[in-house]
Amino acid sequence: MCELYVRADPIFYESRTRSLRIHGVVTTIRLENMFWDVLTEIAAADGMTVNQLITKLSDEILELRGELPNMASFLRVSCLRYLDRERQIQSVPGSVAVQPVPLRKVG
């Protein structure tokens with residue numbers, strides 16, 4: 001079982017830092033490449049750029065919670081929740097299975 005995980009291409013778990021503006025404030029976020037790929041998939045599905053998606057998520061979580069102590073962790077959890085939702089949708093009998101966008105190698 002562990003072979004599935006240990007044979008992953010190292011590019012997937014290599015971290016990348018990106019700078020973006022959220023309402024004019026420059027912010028840097030460091031995530032593993034695989035999470036950037038999932039954010040790209042989510043953004044594309046919603047007709048947005050990754051920066052627009054992160055800004056929207058930031059706005060909504062701040063409106064709901066009033067604070068966001070760890071943006072990178074929040075984005076990782078958001079990616080996992082998205083993937084879990086997609087998995088659940090595809091497991092519903094009679095649902096139309098949508099082909100997932102293949103995760104691409106970054107670099």
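User: What makes Arg76 count as partly exposed?

Analyst: Its relative accessibility is 22%. Buried means under 20% relative accessible area and exposed means over 50%, with partly exposed in between (1.4 Å probe, protein chains only), so Arg76 counts as partly exposed. A quick note on the background: this is a predicted model, in which local features need pLDDT of at least 70 and side-chain atom pairs count only at pLDDT 80 or more, while totals for chains, interfaces and linings use all residues. Residues are numbered from 1 along each chain as its sequence is written, and side-chain values use heavy atoms, leaving out hydrogens and water.

User: Why is the contact of Arg76 with Glu32 called a salt bridge?

Analyst: The closest N and O atoms of Arg76 and Glu32 are 3.0 Å apart. A salt bridge needs a side-chain nitrogen of Lys or Arg within 4 Å of a carboxyl oxygen of Asp or Glu, so this pair qualifies. It links distant parts of the chain, with Arg76 in helix H5 and Glu32 in strand S2, 44 residues apart. Helices (H or I, at least four residues) and strands (E, at least two) are DSSP runs, numbered from the N terminus.

User: How many salt bridges does the structure hold?

Analyst: There are five, among them Lys56 with Glu60 at 3.1 Å, N to O. Both of these residues lie in helix H4, four residues apart, about one turn of the helix. Lys56 is partly exposed at 40% relative accessible area, and Glu60 is partly exposed at 43%. Another bridge joins Arg85 and Glu86, whose closest N and O atoms are 3.2 Å apart.

User: How do you know that the span of helix H5 agrees with its number of residues?

Analyst: The expected span is 1.5 Å times one less than the number of residues. For the 21 residues of H5 (residues 71-91) that should be 30 Å, and the end C-alpha atoms are 30 Å apart, so the two agree.

User: Which residues of H5 are buried, and what puts them on the same side?

Analyst: The buried ones are Met71, Ala72, Phe74, Leu75, Ser78, Cys79 and Tyr82.

User: What covers the buried residues of H5?

Analyst: The cover includes strand S1 (15-22), strand S2 (25-32), helix H3 (33-45) and helix H4 (50-65), where contact means heavy atoms within 4.5 Å.
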